[in-house]
Amino acid sequence: MPIARLTDRAVLRIGGADARAYLQDLVTNDLDRLTPETPLWAGLLSAQGKPLFDMLLFDGGDVEPGAVLVDILATAAEALAKRLTMYRLRRAVTITAEPGLHVFAGWDEPSIGVPADPQLPALGTRWIAGAAETNAGLPDYARHRLALGVPDSADLALDRMLWLETNAVELNGVSFTKGCYVGQENTARMHHRDKLRRRLLPVTIDGEVEDGAAITADGIAAGELRSHAGTRGIVYLKVETAGRPLVAGDATVTVDWPNWLPTD
């Protein structure tokens, strides 16, 4: 089974007596569902329902009862810690970096004793530990993830797109029953009333292109390439253009609608 350390991730620990209640008021998923066997994918949103950060939450109670470990893009870890500190006020909450802990992923075979990735079972397993034996690297995991059409943190157009446009419903990144959190009103309204006009979608690319390239359909702006590795990539795209011929610079782009994402 391939096992990789995800070297682009960092770990924060949210501890203290109020840790879970504090996060419950902030993020899109339901902390009451967080157990050692069940991590969560969640977003911290603006009041408008746009993601400022996305993260995976793991039970950290083996060291400190009620603590939560946060798996976050390494380049966003310091900013997230500052944002969480701003919301803390007088609550009994501690926010600390954990440089001795790392994020690992395994795929292609079942793993015993480690949790499944909360976004999509086909991604495999994902866990936090001080060390693990690895036989693969971050590029291998990226190819695996892109083959399944699952976006990564770097694909999110932070504070520009809506949380539901990240496919948060289909990838288990939002609860509509947990109660209030930052950005909840607009997120719930979009879910119950509006059809999504844009999404993050997987594509196949034929030709040379750079991340961030504009995508057009019949000469009209349709979206942008968020990231790619080889011929596979993730685009932020107007859904109505997904079946049309798409171009990014000199490259052609074809949407590969994944089987886990229902057609709109």
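Residues are numbered from 1 along each chain as its sequence is written, and side-chain values use heavy atoms, with hydrogens and water left out. Because the model is predicted, local features need pLDDT of at least 70 and side-chain atom pairs count only at pLDDT 80 or more, whereas totals for chains, interfaces and linings use all residues.

Strands are DSSP runs of E of at least two residues and helices are runs of H or I of at least four, both numbered from the N terminus; two strands pair if DSSP finds at least two bridges between them. Antiparallel pairing of β3 with β4 (residues 51-59) extends over 6 bridges, and Leu45 stands opposite Pro51 in β4.

A sheet of 3 strands, also open and antiparallel, has the order β1-β7-β8. Strand β1 is joined to β7 (residues 102-106) by 3 bridges in the antiparallel sense, with Phe104 in β7 as the bridge partner of Arg5.

A nonpolar core is a set of buried Ala, Val, Leu, Ile, Met, Phe, Trp, Tyr and Cys residues joined through side-chain atoms within 4.5 Å, buried meaning under 20% relative accessible area with a 1.4 Å probe and protein chains only. The largest such core comprises 51 residues, of which Trp163, Val235, Leu237 and Leu246 touch the most other members. Apart from it lies another core, of 27 residues, including Leu12 and Leu40.

The structure holds 3 aromatic pairs, defined by ring centres within 6.5 Å (for Trp, the six-membered ring), with planes under 30 degrees apart counted as stacked, over 60 as edge-to-face and the rest as tilted. The rings of Trp41 and Trp163 are tilted, because their planes stand at 45°, with the centres 4.9 Å apart. This pair links distant parts of the chain, since Trp41 lies in strand β3 and Trp163 in the loop between α3 (138-148) and α4 (184-193), 122 residues apart; both Trp41 and Trp163 are buried. The rings of Trp107 and Tyr141, with centres 5.6 Å apart and planes at 65°, form an edge-to-face pair.

Conventions:
Buried means under 20% relative accessible area, exposed over 50%, partly exposed in between (1.4 Å probe, protein chains only).
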